[in-house]
Amino acid sequence: DETFFMYGEDIDLSFRITQAGWKNYYFAETSIIHYKGESTKKLSTNYVKVFYKAMIIFAEKHYTGRNKRLFTFFINTAIYVRAGIALFANIFRKYWMPLVETLLVFGSLLYLKEYWEEHIKFIKSYPKEMITIHLPYYTLVWVLSMWFNGSYSNPFNFSKMMRSILIGTVVIFMIYGLLPNHLHFSRGIIIFGSLVIAAVLLFWRTCFHFAKYKTLDFSQRNNTKSILVGEAKQWQKVNELLKSYNKSYQQLGFVSNEKQNDPNWLGEINQLKELVSIYGVNEIIFSGDCISSEQTMQWMNEIGPQVNYYTLPANSDFVIGSHSKDGNGLYFGEQIELNLSKREFRTKKRLFDIALAVISIVLSPILYFIPPSKIWVKNAFSVLLGKKSWVGYSTNQDLTLPKIKPGVYKTSYMLKGNNNQFEQNLDKLYAQNYSPILDLQAMLSS
């Protein structure tokens with residue numbers, strides 16, 4: 001039944017078979033490898049919507065009267081409950097670290113305040129504004145500074161974290177200077193607070209790194225030990241490919257039934273389980289040119305889920321895999337690193353959009369009468385509300401590029417006439433090398 005988009009069609013078919021007087025049997029003598037995609041992640045709201053919508057279609061098709069209404073009620077209830085859980089889980093997964101560090105920063109500042117009162121100022125306590133105004137905005141500024149500088153996208157880059165704290169300290173002093181005199185309590189807490197916060201966060205992130213990766217070697221965070229079941233030429237191709245994604249990738253060698261003098265040859269395929277144990281392998285890549293799908297699945301069943309599995313399809317230049325029913329499929333191909341794929345650059349783009357939109361609105365009485373900047377005033381509110389970006393792609397055909405809002409200006413501002421190929425190339429260059437300077441250049445040159 002083509003009414004079912006995804007999920008439910010097998011239940012519907014089975015139900016109709018039994019209704020027609022036939023019997024269902026489960027045949028267990030075959031197997032497949034299924035790389036689950038983004039649309040089927042168990043914790044995604046899209047999964048909840050699609051899955052339970054299929055159940056409602058099933059109920060409306062096969063049930064009638066009171067049973068239909070009751071079933072539909074429970075299904076709709078389940079949709080809202082599961083969607084709420086999925087939304088909460090996604091928010092928690094994205095923001096748990098800033099939330100934890102907000103508590104750490106505020107708690108550290110609270111302790112420093114009490115120490116300052118007793119041992120430095122020799123006073124009973126600061127006015128209540130110290131807790132209700134100062135410490136909260138200190139905390140907020142430092143955490144936001146780390147967020148906007150990309151410290152949470154790369155939490156173990158300590159130089160970036162220290163730079164973020166320094167920038168936050170400067171911003172705090174700027175805000176402090178704008179406050180009225182009766183709210184000027186202690187610059188010393190700001191200075192020493194920045195040092196305390198740096199020490200606390202350094203200790204916390206080091207502990208977190210050790211708990212997650214079981215090592216204090218920050219250059220080996222992923223600790224991936226991978227082997228290839230395939231030939232030497234395939235190993236070389238995969239080795240170069242994966243190193244472009246992960247500089248600390250440990251590609252140990254290859255396993256092949258053809259004995260070779262190559263120092264990267266580890267052993268024969270029938271020794272695979274022993275090799276995994278000896279070398280502490282946590283990832284295996286199976287080459288379709290060397291081993292069949294049936295053999296691949298046999299080895300996956302025998303070795304078990306403690307190892308991540310990938311396949312290199314025959315005569316291909318990409319590797320695919322999926323580690324979990326809750327995760328999306330993974331793909332490694334020829335890689336070009338795109339700045340706009342990183343959260344810190346997308347944040348910079350959004351901040352640039354907001355800043356220029358605010359400036360355009362404030363200076364609109366002047367800018368509106370200047371032809372080049374008149375367009376800024378007209379589009380300022382759309383950009384501020386996130387409906388547009390100041391600069392966008394020239395084409396919408398390349399789905400491999402990170403998504404951005406439609407642009408007031410285009411990346412093809414330098415081209416004369418339409419040239420689709422050049423426009424696509426400019427879009428890729430823009431995504432790869434993005435910085436706010438590119439946006440400003442496009443706006444001033446258009």
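Lys121 lies in helix α3 (residues 65-121), where helices are DSSP runs of H or I of at least four residues, numbered from the N terminus. The model is predicted, with local features requiring pLDDT of at least 70 and side-chain atom pairs counted only at pLDDT 80 or more, while totals for chains, interfaces and linings use all residues. Residues are numbered from 1 along each chain as its sequence is written, and side-chain values use heavy atoms, leaving out hydrogens and water.

Not counting residues up to four places away in sequence, Lys121 touches Trp116, Tyr126, Phe185 and Ser186; contact means heavy atoms within 4.5 Å. Lys121 and Ser186 are 65 residues apart in sequence, yet their C-alpha atoms are 9.5 Å apart in space.

The table lists partly exposed residues (relative accessible area between the limits for buried, under 20%, and exposed, over 50%; 1.4 Å probe, protein chains only).

| Residue | Relative accessible area |
|---|---|
| Lys121 | 40% |
| Cys207 | 38% |
| Cys290 | 25% |

The disulfide count is zero, a disulfide being a pair of cysteine sulfur atoms within 2.5 Å.

Helix α10 (residues 343-362) and helix α12 (residues 371-384) pack at about 135°, with axes 8 Å apart; axes are lines fitted to C-alpha atoms over the stretch in contact, and angles run from 0 to 180 degrees between N-to-C directions. α10 and α12 are therefore oblique to each other, the class left after roughly parallel (under 35 degrees), roughly antiparallel (over 145) and roughly perpendicular (65 to 115). The residues of the contact of α10 with α12 include Arg350 and Asp353 in α10 and Trp376 and Phe381 in α12.

Note on methods: Helices (H or I, at least four residues) and strands (E, at least two) are DSSP runs, numbered from the N terminus.
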